[in-house]
Amino acid sequence: MNPTMSSTGPDSKQAQRKAAMTVLAHSAAADIAGRLAAIAIPKHENLREPENGLVMMRGRVGGDGAPFNLGEATVSRAAVRLASGEVGFGYTLGRDAQKAQMIALCDAMVQSAELCGEVEAKVIAPLRAAVNAERSRKAAETAATRVDFYTMVRGEG
Amino acid sequence: MYVAVKGGERAIENAHRLLAHERRGDRDVPEVTLAQISEQLALGVDRVMTEGSLYDRELAALAIKQARGDMIEAIFLVRAFRATLPRFGATEPVNTGEMLVRRRISSTFKDVPGGQILGPTFDYTHRLLDPQLAEGFVPEQPATAEASQAGTPRVTDILGRDGLIETSPQADGDAPVGDLTREPLSFPADRDLRLQNLARGDEGFLLALGYSTQRGYGRNHPFAGEIRFGEVEVEFFAEDVGFAVPLGSVELTECQMVNQFKGSTTEAPCFTRGYGLAFGQSERKTMSMALVDRALRARELGEEAGAPAQDEEFVMSHSDNVQSTGFVEHLKLPHYVDFQSELGLLRKLRQEFTEANQAVELQEAAE
């Protein structure tokens, strides 16, 4: 690890926010709501009312070349400010504006020294475990369809 | 020319009411749900998202339901919906090399690093109708195996290491990425615009064009270097946040076509490429797209270009099924005024014809 980057530095905080946003974006809104119900929600106000919109999704020529516009996707976004001042942002694919609102709230809490530990332990960590379990399940199913040419011995099969 | 007509409001209203009734079908049969369409007609949903140019499974399922399964009508509905929402911006380009692969095959290397992964595929099925599926069929749980931790590099990257294949063209400085939803098409069009056009183009049209190149109309000797399908992360640089925020993941299919060589006195010969990318599991679409992308590069590669698939203006102007259906189907709308003037002209011509013939007959009789 870069010695100049302390665990509380801005880069690591940004990495932590991004990691939490990734887990939240991959989770179903109902699952996030279920986890949030288990913690005390701090006082907050909407900085940006939850809204729907579009993003133009880009690919690259040949997968690794110049960008091109592939097509759009629906997105939702929201921004909240905690009474203690932290501003959180929520962005997610799809039209569930309430999900964006919950992501924004979590992002604000992740930035709060006081609330960060609890939201990480009671919301993000269990959701991450569920997302990872789902990924592992899919990866195992996929792996079973791998064609293994190496096990063929001449004369067999 | 189509001219506005008045009247018929009651008949139109009743026709739409009848349409709604027919769409529902026999009311003793349970109504199909959006979740059923999305889960069980998933490839239809993928096609509507791809050609509707909007990634949203639920909306595509709704469009299919509303359109009574008419895919082009559903695509039309999705395109129209896009206009109702503001665009926040463009995502960071997705990295298909980091795809969580669900399927990944190469017809060029059997022992490709990362392995050949069949995933959920119609390939190697016998295409026999399965009566079991008619009702109540409960499939087995999928088999599982230990997943490899090794990556799945793109086949083109592997070929690229030895210089055997051309590199992908890189972005030209800060040149903006072409967007045909914002500016009208003009020709010649750059590769970015061509790929955008092909990505939303009609699968049937591109399939026929791709097939035509294989049959000799612009032959380019393709191999399916790699086809991969799976989940790719999407990130969006949000100005208010100050960094690229994760939006979640989308399912994409990518096809890397590897085609015959180019070379010159100064450049060693190497394979050329055609590229296909689409939403969802859209293999036929991305393969066709890659064939046509490669065909459209004929001039750039100094090939003789006379076949339809190599004609950029022809391909790009006719690939969009919403545009095509709009112009073809507008023929159904009242053209009474136009037709009346044609009718008037035809009557006049016929009268002139008759008069001329009578004059000839009189003259012949007189002689």
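Where pLDDT is low, the predicted coordinates should not be read in detail.

Staying with chain A, have a look at a pair of helices. Two packed helices are described by the angle between their axes and the distance between the axes. For helix 3 (residues 97–111) and helix 4 (residues 116–143) of chain A, the angle is about 130° and the axes are 6 Å apart. Angles from 65 to 115 degrees count as roughly perpendicular and those over 145 as roughly antiparallel, so helix 3 and helix 4 of chain A are oblique to each other. Helix 3 of chain A brings Cys106(A), Met109(A) and Val110(A) to this contact, while helix 4 of chain A brings Cys116(A), Val119(A), Glu120(A) and Val123(A). By class, that makes 6 nonpolar residues, 1 charged residue and no polar ones.

Now turn to chain B. Its domain assignment gives domain 1 (9–82) and domain 2 (96–119 + 150–169 + 179–320). Taken over C-alpha atoms, the centres of these two domains of chain B are separated by 29 Å. Their contact takes 9 residues from domain 1 of chain B and 11 residues from domain 2 of chain B. On the domain 1 side, helix 3 (residues 42–52) of chain B gives the most, with 7 residues. That side of domain 1 of chain B has 4 nonpolar, 2 polar and 3 charged residues.

Next comes helix 4 (residues 57–66) of chain B, where Arg57(B), Leu59(B), Ala60(B), Ala61(B), Ala63(B) and Ile64(B) are buried. What do the buried residues of helix 4 of chain B pack against? Their partners are helix 2 (34–40), helix 3, strand 1 (54–55) and helix 5 (71–82) of chain B. Just after helix 4 of chain B, Arg68(B) takes a positive phi of about 55°.

Finally, let's bring the chains together. Their contact takes 67 residues from chain B and 49 residues from chain A. Among the elements of chain B that give two or more residues are helix 7 (191–199), strand 5 (223–238) and strand 7 (270–279). Strand 6 of chain B gives the most to this side, with 9 residues. By class, the side of chain B that touches chain A has 33 nonpolar, 18 polar and 16 charged residues.

Technical notes: Residues are numbered from 1 along each chain as its sequence is written. Chains are lettered from A and ligands numbered from 1 in the order in which they are written. This is a predicted model: local features need pLDDT of at least 70, side-chain atom pairs count only at pLDDT 80 or more; totals for chains, interfaces and linings use all residues. Domain bounds come from an automatic or database domain assignment. Two residues are in contact if their C-beta atoms, placed from the backbone, lie within 7 Å. Helices (H or I, at least four residues) and strands (E, at least two) are DSSP runs, numbered from the N terminus. Ala, Val, Leu, Ile, Met, Phe, Trp, Tyr, Cys and Pro count as nonpolar, Asp, Glu, Lys and Arg as charged, and the others, Gly among them, as polar. A residue is buried if 20 or more other C-beta atoms lie within 10 Å of its own, exposed if 12 or fewer, and partly exposed in between; C-beta atoms are placed from the backbone. Axes are lines fitted to C-alpha atoms, for helices over the stretch in contact, and angles run from 0 to 180 degrees between N-to-C directions. Angles under 35 degrees count as roughly parallel, over 145 as roughly antiparallel, 65 to 115 as roughly perpendicular and the rest as oblique.
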